[in-house]
Amino acid sequence: MTHLVNDPAAFADEALAGFAAAHRRWVRAVPGGVVRRVPTAPGHVAVVIGGGSGHYPAFSGLVGPGLAHGAAVGNVFASPSARQIRDVARAAEAGGGVLLTFGNYAGDVLHFGQAAERLSAEGIPVATLAVTDDISSAATAERDKRRGVAGDLAVFKAAGAAAEQGLPLAEVTRLAQLANARTRSFGIAFSGCTLPGAGRALFEVPAGRMAVGLGIHGEPGMGERPVPSADEAAALLVETLLGELPDGLDTPRGQRAGVILNGLGAVKYEELFVVYRTVARLLAEAGVEIVDPEVGELVTSFDMAGVSLTLCWLDDELAPLWTAPADTPAFRKGGVPERGASGTGPEDTGPLSDETPAAAVPQASDASRATAVTVLAALRAVRDTMAAHADELGDIDAVAGDGDHGIGMRRGSAAAYEAAAEAAGRGAGAGTLLGRAADAWADRAGGTSGALWGVILHAIGAELDDTERPTAPVVAAGVAAAATGVRRLGKAEVGDRTMVDALVPFADVLGEGVAAGRRLADAWGPAATAAEAAAKATAHLLPRLGRARPHAEKSLGTPDAGAHSLALIVRAVQHTLADAPQHKEG
Ligand SMILES: Nc1ncnc2c1ncn2[C@@H]1O[C@H](COP(=O)(O)OP(=O)(O)O)[C@@H](O)[C@H]1O
Ligand SMILES: O=C(COP(=O)(O)O)[C@@H](O)CO
């Protein structure tokens, strides 16, 4: 339970501002997050990490010499946006290129991937690495689908130490990949976490029971067992991890491991030490040499009462990287030579990336400006609908996900409307208006849905452009392009239990109606009905992608949150179309 909150929607931004103010010796605030106070050494690789808020010290607390050069900081449990990541990377980059590394979550993968494309296009060499240490989130055969949890630290540490040596980007990336391939984590929890401002936890563990195989977003565990003693818990953690050694290791005997016993947020340090005492004994009995163990809160999930164990199996390349000095707000090791004066350097440029002045609005025809009025009304309806349904969407998402879908959709749609209204006030045509709304949604919401709604609005805007009054076929083509764009970016198809399940039938039925000669307002209704039916039907589908995938069975009976929000949106838009002045062509 979070006790001290102003506006829950502003919680992540306010926490980041306070963090930066408190840690000026190490970091400075830049648009999108923080970078080291002492700039990256010229020619060195910049290691840029990031993810949602709610995991402190991940990610901002791990910025400093020997570790990350910058952290992009998203909203609560939602990935930062591509623009935030790009802005942080630009601020951290010093001629040696950038390694973007993050936990393997859908939104993170989308936004960091897009940021990498943008940086590359600007001529900055860039590599990406998604951390996949959580063994409970996918079988060994699907290791690339695993989530990143406390093993993030081991991978970030390897990358940061390698970059500190001045190694080139390809080498820093190879060593970080090696650390990822040799890092495994497993966790247990006794209670779920509560999002700031929320009245109840994302999941409850029945009294006397513990969740096994937890994530770091308040997702329920993969299974449940009776609460063990501390020694039994330690034995479960150690035995599980010894049961899944990385490729190339036949036995733990004679191996070295960097060990992280991580508190998820509400487990006392003393309890962690009680558990660690047995972890250390069991590893020693298994013949494992423990190297520089870390016991404490390193990657958390608000007030989740849980513990995870991470083993990073060290070889001759990884061992010196794991033990190398580091000095960050939340992680210190050895003595880091001073380079530049502490607490000085460039001034803060502010944590938020939406403060840049809006770009000039291109010339638009009268017809397109008239269409923009309808588009703005539609975006207002979207915003109001998302605000009205935010709690419901959060509850649906909490069944198998991280409960933030309502927060993200409310924040994104509000930002989209605001940006559109601003553009309309400056005479924007419909295409520009939608483009501005798309960027604002993706930038301010982050998360999977932020990236995908950015794609949807961009695609429709590109078809509408700023010249003609769009005909119904033009709008239908925009919606079809949106469906194609979402599938291309998210790589989900119909049946995967995502928003694609509602978007594709919506686009198809709209296209058919328009092709049959119906006016847009008339074709839209049946298409919205198809989207609603398809969204409802997702309750019978097993998720194959995204945060809900590890909890496949739990989600049966509840519709997919993103499909449901899409159906709500298209229905809300229908009402604005019905009110709009109709032209004979649509
Ligand atoms: N690969 C994907 N392609 C399309 N939609 C996806 C994909 N992964 C997840 N989604 C959609 O995103 C929704 C979750 O959005 P959001 O709350 O932003 O997620 P997160 O918190 O996981 O980033 C899901 O309900 C699903 O509809
Ligand atoms: O919350 C995070 C990312 O969530 P997405 O589902 O990718 O938006 C982040 O905290 C994990 O790195």
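1. A salt bridge is a side-chain nitrogen of Lys or Arg within 4 Å of a carboxyl oxygen of Asp or Glu. Asp 87 and Arg 90 form one, with their closest N and O atoms 4.0 Å apart. This is a predicted model, where local features need pLDDT of at least 70, side-chain atom pairs count only at pLDDT 80 or more, and totals for chains, interfaces and linings use all residues. Residues are numbered from 1 along each chain as its sequence is written, chains are lettered from A and ligands numbered from 1 in the order in which they are written, and side-chain values use heavy atoms, with hydrogens and water left out.

2. Look at where Asp 87 and Arg 90 sit. Both belong to helix H2 (residues 82-92), 3 residues apart, so about one helical turn separates them. Helices (H or I, at least four residues) and strands (E, at least two) are DSSP runs, numbered from the N terminus. Asp 87 is buried at 13% relative accessible area. Arg 90 is partly exposed at 40%. Buried means under 20% relative accessible area, exposed over 50%, and partly exposed in between (1.4 Å probe, protein chains only).

3. This pair is part of a network. Salt bridges link Arg 86, Asp 87, Arg 90 and Glu 122. The count of salt bridges comes to 28.

4. Next, Glu 317 and Arg 174. Their salt bridge has its closest N and O atoms 2.6 Å apart. Glu 317 lies in the loop between strand S12 (305-314) and helix H8 (318-323), and Arg 174 in helix H5 (residues 169-181), so the pair ties together parts 143 residues apart in sequence. Glu 317 is partly exposed at 34%. Arg 174 is partly exposed at 32%.

5. Asp 292 pairs with Lys 333 in a salt bridge, the closest N and O atoms being 3.2 Å apart. Asp 292 is in strand S11 (residues 289-296) and Lys 333 in strand S14 (residues 332-333), so parts 41 residues apart in sequence are tied together. Lys 333 is buried, at 9% relative accessible area.

6. Now the ligand. Around ligand 1 are 19 residues, the closest being Asp 404, Thr 448, Ser 449, Gly 490 and Asp 560. A residue counts here if one of its heavy atoms lies within 4 Å. Helix H12 (447-464) and helix H17 (561-579) each supply at least two shell residues. H12 gives the most, with 4 residues.

7. Two side chains deserve a look. An N or O atom in the side chain of Thr 448 is 2.7 Å from an oxygen atom of ligand 1. For the side chain of Asp 560, the distance to a ligand 1 oxygen is 2.5 Å.

Definitions and conventions: A polar contact is a pair of N or O atoms within 3.5 Å; within protein, one must be able to donate a hydrogen and the other to accept it, and residues adjacent in sequence count only if both atoms are side-chain atoms.
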